[in-house]
Amino acid sequence: MPAPWHDGPMMKAARREPSGRVPVWLMRQAGRYMAEYREIRRDVGFLELCKTPELCAEVMLTAVERLGVDAAILFSDLLLILEPMGLQLAFPAGKGPVLQNPIRQAADVDRLAELESIDPLEFVVEAVRLTRAGLDDRLPLIGFAGAPFTLAAYAVEGGASRDYRRAKTLMYCDAGAWHALMTRLCRAIILYLNAQIDAGVQLVQLFDSWAGCLGTDDYRRYVLPYSRSVIESLAPGVPVIHFATGNPALLPLLREAGGSVIGVDWRVRLDDAWTAIGGDRAIQGNLDPAVLLTDPATIRRRAGEILDQAGGRPGHVFNLGHGVLPQTPVENAIALVDAVHELGSR
Ligand code: CP3
């Protein structure tokens with residue numbers, strides 16, 4: 001007997017099988033826009049929260065219940081994997097994440113330690129187990145990691161960047177150092193995602209949130225082989241959602257790198273994106289998160305437009321094009337989930 005989640009709308013969509021309704025979940029569905037999350041964060045720093053598996057599970061399970069979404073995602077952060085590799089991570093209040101000792105040049109790449117085992121990230125494995133154990137068994141749990149490029153760019157820039165000039169300089173000037181950096185990250189990501197799979201996630205999402213800063217030739221040369229090697233090295237049978245933002249011209253290349261589901265942002269119409277990706281892959285997206293700052297009627301209309309573009313084809317996972325904005329009224333996020341369930345039912 002397959003587990004109950006196996007034939008729910010989310011897993012069916014990931015396999016492009018028809019199901020009664022379009023599944024919906026939201027990137028950053030647990031976060032500062034939600035009062036229950038802010039309540040927990042009053043007493044606990046973000047890093048401490050990520051390292052307390054019981055709280056990670058609680059935060060995600062609360063969000064899933066409140067929203068009525070069709071999937072949970074591990075509550076964690078993209079950058080935690082870099083800590084046991086020797087980078088000092090901090091989340092200063094009110095600012096984005098910072099790495100205090102970034103890889104600034106080729107000579108620094110050797111400083112990045114090999115992730116030899118999952119032990120230093122055991123809290124993530126435990127968060128997977130606890131979230132899975134507390135989750136309705138009809139709902140799948142999504143694991144995740146940063147894609148090699150996005151992690152490399154963070155490691156080199158040391159934080160958010162407007163132009164990614166340091167990462168690009170290393171990439172363009174020193175192919176050997178770039179290869180060493182990306183290869184080391186790939187091995188770590190594979191270990192990390194397979195550990196999440198062993199601990200009980202049903203799908204994994206690879207976030208290449210910064211890849212959109214690249215043109216197609218550079219993506220093909222400097223990024224695609226690495227993302228592909230990660231996707232090819234994951235336990236078979238676990239659908240991979242491959243997500244990037246910012247540059248719709250990359251979509252055919254994301255598909256080439258792999259993933260049964262390709263995640264798209266709002267800069268491209270969903271039907272055009274699906275044509276670019278090809279009908280033999282599922283698609284996830286792509287409402288502009290800013291639409292959730294409007295009102296339920298507008299949200300419903302905009303969700304309907306995206307569902308119309310999907311045209312009832314199997315293999316559409318409804319999501320935002322990027323994470324929920326902290327200013328989002330929680331009622332609006334709930335209104336979106338309800339609208340997708342109503343308009344996306346057949
Ligand atoms: O989707 C979810 O609810 C699961 C949890 C999740 C978080 N981060 C929680 C979080 C996931 C999947 C991530 C991934 C992540 N982290 C990405 C990739 C996705 C994306 O948005 O492109 C990136 C780039 C990061 C790095 C990171 N961590 C950033 C840029 C920030 C935001 C900084 C800010 O102040 O807005 C974080 C912090 C973070 N990660 C928060 C949460 C809930 C907010 C922390 C807080 O202040 O409480």
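Predicted model: local features only at pLDDT ≥ 70, side-chain atom pairs only at ≥ 80, totals over all residues.
What does its side chain reach? The side chain of Asp-265 comes to 2.6 Å from the backbone nitrogen of Gly-246. Setting aside neighbours within four places in sequence, Asp-265 also touches Ala-244, Thr-245, Asn-286 and Gly-321, along with Gly-246 itself.

Some of those names come back when we look at cavities. A search of the whole structure turns up three cavities of 30 Å³ or more.

The largest cavity has a volume of about 80 Å³. Thirteen residues line this cavity, and those nearest its centre are Arg-21, Arg-313, Pro-314, Gly-315 and Arg-346. Its lining divides into five nonpolar, four polar and four charged residues.

Now back to Asn-286, one of the contacts of Asp-265. Asn-286 belongs to strand 8 (residues 282-287), and a cis peptide bond with omega of about -5° joins Gly-285 to Asn-286. For background, most peptide bonds are trans.

Which order do the strands follow? Seven strands make an open sheet with parallel pairing, in the order 1-4-5-6-7-8-9. At the edges are strand 1 (72-73) and strand 9 (316-320), each pairing on one side only. Strand 1 pairs with strand 4 (residues 141-146) over two bridges, in the parallel sense, and Ala-72 has Leu-141 as its bridge partner in strand 4.

Last, two backbone angles. Most residues other than glycine have a negative phi. Arg-16, though not a glycine, has a positive phi of about 60°; you can find Arg-16 in the loop between helix 1 (9-14) and helix 2 (35-43). Arg-16 counts as partly exposed because its relative accessibility is 35%. Tyr-164 is not a glycine either, and its phi is positive at about 55°. Tyr-164 lies in the loop between helix 6 (148-157) and helix 7 (165-173), and Tyr-164 is buried, with a relative accessible area of 13%.

Key. Residues numbered from 1 in each chain as written. Heavy atoms only, no water. 1 Å grid on protein atoms, 1.4 Å probe; cavity = no way out; pocket = protein on both sides within 12 Å on 5 of 7 lines; lining within 4 Å. Points joined across faces, edges and corners; volume = space filled by probe spheres on them. Nonpolar A, V, L, I, M, F, W, Y, C, P; charged D, E, K, R; others polar. Polar contact = N/O pair within 3.5 Å; in protein donor to acceptor, adjacent residues only side chain to side chain. Contact = heavy atoms within 4.5 Å. Pairing = 2+ DSSP bridges. Helix = DSSP H or I, 4+ residues; strand = E, 2+ residues; numbered from the N terminus. Buried < 20%, exposed > 50% of the residue type's maximum accessible area, 1.4 Å probe, protein only.
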